[in-house]
Amino acid sequence: MRFISRCRPLIVATTALSALALCLSACGPEEEEEPPPQQRCETDNLKAYLQGSVDDGDSSRSIQLSNADSTPGWIGINEIRLNLGMATPPDGSDPQPVILRLYDARSEAYLSEIIDDLTADGDTLELTVYDASQMPAGSEDLTRLNHHDCSIEEGTICAQIGFDAAGDEILFDDDDYVYNALGGTVVIEGFDGVSRIFAGHWELELGRNILSFNDQSQGLVEGCFRPRYTVQGGDEWPLE
């Protein structure tokens, strides 16, 4: 009995230490959760960020890219153009620039003026993405968006994402992969006159690759933009 009473504390201590070690290994510090795509620009000090995937019916390809350094684009009449970064196109060839176009087919003024007016009271501008996935019969310039009925002043916007295979900083019929959005939301936070930051985020449902007749791809991408802007009266505003 004396032997048993002396060993019991040792057994209890050993059991407690084992339980503590097991808890430390299984209940270690929680990993930090990644911020959602809509917040990555501010959290990681990026000018643009995108993540998502495109599914062509046979396989799904994930896309994730960011832009922290290069000049991302401009705001002009009808259009905001953003260089989101480099990514590998679906055919697996060398990485190419990925361009996002946000387009207003009805405006006759610079979008910088329209957006500035609509966000003057500090409100964000939430826009419904117009279904631009269907191309008009007999269309030759497949990448143009001016035949769609999207208007920021009416709460809608057209969106297009593509790989700039030609390297000419535009999306045109000589590229290989260009997708028009068929739905989603674009939120524009407006212009910060102190920091000169132009910010916003989006969620886009992508339709087929409009440059391939038999392509039936669909995708879902989301991300953000947060470049600096330069005011140029009566002209395009560069995004830096």
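Is Tyr177 buried or exposed, and at what relative accessibility? I found that Tyr177 counts as buried because its relative accessibility is 14%, where buried means under 20% relative accessible area, exposed over 50% and partly exposed in between, with a 1.4 Å probe and protein chains only.

I noted that this is a predicted model, in which local features need pLDDT of at least 70 and side-chain atom pairs pLDDT 80 or more, while totals for chains, interfaces and linings use all residues. Residues are numbered from 1 along each chain as its sequence is written, and side-chain values use heavy atoms, without hydrogens and water.

**Aromatic pairs**

I next looked up the aromatic pairs and found 7 in the structure; rings of Phe, Tyr and Trp (its six-membered ring) pair if their centres lie within 6.5 Å, and planes under 30 degrees apart count as stacked, over 60 as edge-to-face and the rest as tilted. Phe163 and Tyr177 make an edge-to-face pair, at 6.3 Å centre to centre and 75 degrees between the planes. Phe163 lies in strand β7 and Tyr177 in strand β8, 14 residues apart; strands are DSSP runs of E, at least two residues, numbered from the N terminus. Phe163 also counts as buried, at 3% relative accessibility.

I then examined Phe191 and Tyr229, whose ring centres are 5.0 Å apart with planes at 70 degrees, so this pair is edge-to-face. Phe191 is buried at 16% relative accessible area, and Tyr229 is buried at 5% relative accessibility.

**Contacts of Ile115**

Finally, I looked up Ile115. Leaving aside neighbours within four places in sequence, Ile115 is in contact (heavy atoms within 4.5 Å) with residues including Ile80, Phe191 and Phe198.

Key. Helices (H or I, at least four residues) and strands (E, at least two) are DSSP runs, numbered from the N terminus.
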